[in-house]
Amino acid sequence: MKFDTLDQQLLMYLQENSKITYKELSDKLNLSSTAIHERIKKLEKAGIIEKYVALVNRRLINRELLVFSHIKLQQHSQENIRKFETEIQTLKEVQSCFHVSGDYDYIVKMSFENMDEYRNFMVNKLTTINVIGSTHSTFVIGDVKDDTAYQLL
């Protein structure tokens, strides 16, 4: 798919506010609403725009504790990788899971109301995934930058 400067600008506006109207976009980009609609549909069809979401303030929904856990599997095998990846996706506390290189195999992002909830999760859920060899958790003290947008321009 051809990806031009107008597409990049369009994506920047949509990442900033996905509820922006076609009229507002057409004014900003000097295109007709029809042209905006066609470009958005093209970006959706190509998979560049995957979905539209609302970003929720975790503190206002009692998810004060943000945790990144570095996880090492017991052994690198297709079966262990498949088992871990299947099971980690079922845990509602897990927001993101990345398969990484380096000292650990995965980095998992999770949020909790407090340390007691985190401890309960570790003891009763995460440690039941029997292919995990070790975990090392890091607790977020403060947010410095937490941007969801990709800077395209």
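Contact here means heavy atoms within 4.5 Å. By this criterion, in the predicted model, isoleucine 88 touches Val94, Cys97, Val108, Leu126 and Ile129, with residues up to four places away in sequence not counted. Ile88 also belongs to the largest nonpolar core, which comprises 19 residues. Within this core, Ile88 is one of the five residues that touch the most other members, the others being Phe84, Phe121, Leu126 and Ile129. Two or more residues are given to the core by each of β1 (65–73), α4 (78–88), β3 and α5 (115–124).

The four strands form an open sheet in the order β2-β3-β1-β4, and their pairing is antiparallel. Strands β2 (94–99) and β4 (132–139) lie at the edges, each pairing on one side only. On average, neighbouring strands of the sheet are turned by 20° against each other, direction ignored. Strand β2 is joined to β3 (residues 106–112) by five bridges, and the two run antiparallel. Across this pair, histidine 99 stands opposite tyrosine 106 of β3.

At the level of the whole chain, the domain assignment gives domain 1 as residues 5–46 and domain 2 as residues 58–139. The C-alpha centres of the two domains are 37 Å apart. An unreviewed UniProt entry lists residues 3–64 as "domain: HTH asnC-type". Over residues 3–64, the chain is 53% helix and 0% strand, and the end C-alpha atoms of this stretch lie 39 Å apart.

Key: Residues numbered from 1 in each chain as written. Predicted model: local features only at pLDDT ≥ 70, side-chain atom pairs only at ≥ 80, totals over all residues. Heavy atoms only, no water. Pairing = 2+ DSSP bridges. Axes fitted to C-alpha atoms, helices over the stretch in contact; angles between N-to-C directions. Domains from an automatic or database assignment. UniProt positions renumbered as here; feature names shortened; annotations may be inferred. Core = buried A, V, L, I, M, F, W, Y, C linked by side-chain atoms within 4.5 Å. Buried < 20%, exposed > 50% of the residue type's maximum accessible area, 1.4 Å probe, protein only.
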